[in-house]
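I opened the model to look at a few local features. My notes follow in the order I took them.

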Amino acid sequence: MINYFIYKIILNLIDKCKSIKYYLNNMIKGVNEININEWLKNNSNDISDKLIEINFNEISDNHISGFGMKKQVYELIESLKEALYPHIYETNDTDVRFLHTIVQNKITDNALRLNYILEQVFFSLSDKKNNDLKQCYQNAAAKADEITMDFIDYLPKLREILSTDIVAAYKGDPAALNFEDVVISYPCIEAITVYRIAHELWLKNVPLIPRIMTEFAHSHTGIDIHPGAKIGKYFFIDHGTGVVIGETCVIGENVKLYQGVTLGAKSFETDDDGTLLRVKRHPNIEDNVVIYSGATILGGDTTIGHNSIIGGNVWLTKSVPPYSKVYNSTPFPIIKAEEKKNDI
């Protein structure tokens, strides 16, 4: 009986301890809530002003980026991929009998998305201080319409070029099972697809949008291709991670790069005021060249002649003639083999 009463006392003490703990937690929580509310009331306005001021110091006077611009471009990329590769990127169940209608709808969707983004960009860039706003909008809309129609009309040609890149990947990698395997799983195809989309817009002098596109691909694949680079057909990047291709780089046809290749600039020329000059800074890679992993080729006056092979980890800042083989001297690794110890 005594043991039973002791047992009940212990249980009551435990319950009371739980109640005290719960009360203290609620009391502390209540104090914190009061403190946070008061603190936010006194400080959030000032913090917001500071953040907005910092952002507006970094944004151009025309506010070209707009609200949600980055997200709109990302969505456009995904929609364009669904039109270019409907059997791969289409998210809904697709009956092949309705494929034509599905692609046609995607084309319409892409045209409207692109047109809306371009209108925003060109209207932001217009001289609204010295021109009627209605006229500014009409000019922006007309320019957006022209570029949109030209770009959408170019899609079949763009897809034909991408087919050559798929062929190059399939023929250049013995691990590739078939074309579909390449399109579905190879990061280089995604990076090159986005690059070729962005490059076409770059050629039409569309600001900002091409860079958002290629940086989107860069973040997804680890392959950094500037939209201003000129790249020929049958282009393949094996593995891909860490590849960098600069803005003024010119690459011929049937070129193969491996991971970690940099086609970059030696240094940046400046004018008397220290402003960077927009001159050719990146190398030329002629047809039928293979560049192995980790190679770095720098300089706008550097040309890799056609049918050349550049070995892994090579550093080049000067041109090489056609049919060259460039490689580092073979290192001499030190190998120490320990004698096998007898088990005891």
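I began with Y234, which is partly exposed at a relative accessible area of 35%. This is a predicted model, so I treat every value as computed from it. Y234 is not a glycine, yet I find a positive phi of about 55 degrees there. I place Y234 in the loop between β2 and β3 (236-238).

Next I looked up N313. N313 also is not a glycine and has a positive phi, about 65 degrees. N313 sits in the loop between β12 (309-310) and β13 (315-316). Is N313 buried or exposed? N313 counts as exposed, with 57% relative accessibility.

Then I turned to the sheet. I read four strands in the order β2-β5-β8-β11. The sheet is open and the pairing is parallel. β2 (230-231) and β11 (303-304) are the edge strands, and each pairs on one side only. I followed β2 to its partner, β5 (residues 250-251): two bridges join these parallel strands. K230 has V250 in β5 as its bridge partner.

Last, I checked a helix pair. How do α7 (residues 187-203) and α8 (residues 209-221) cross? Their axes come within 8 Å and cross at roughly 175 degrees. Angles over 145 degrees count as roughly antiparallel, and α7 and α8 are therefore roughly antiparallel to each other. I listed the contact residues: on the α7 side they include P187, Y195 and W202, and on the α8 side they include I209, F216 and H220. The contact of α7 with α8 divides into 13 nonpolar residues, three polar and one charged.

Terms used
Residues are numbered from 1 along each chain as its sequence is written. This is a predicted model: local features need pLDDT of at least 70, side-chain atom pairs count only at pLDDT 80 or more; totals for chains, interfaces and linings use all residues. Side-chain values use heavy atoms; hydrogens and water are left out. Two strands pair if DSSP finds at least two bridges between them. Axes are lines fitted to C-alpha atoms, for helices over the stretch in contact, and angles run from 0 to 180 degrees between N-to-C directions. Angles under 35 degrees count as roughly parallel, over 145 as roughly antiparallel, 65 to 115 as roughly perpendicular and the rest as oblique. Contact means heavy atoms within 4.5 Å. Ala, Val, Leu, Ile, Met, Phe, Trp, Tyr, Cys and Pro count as nonpolar, Asp, Glu, Lys and Arg as charged, and the others, Gly among them, as polar. Buried means under 20% relative accessible area, exposed over 50%, partly exposed in between (1.4 Å probe, protein chains only).
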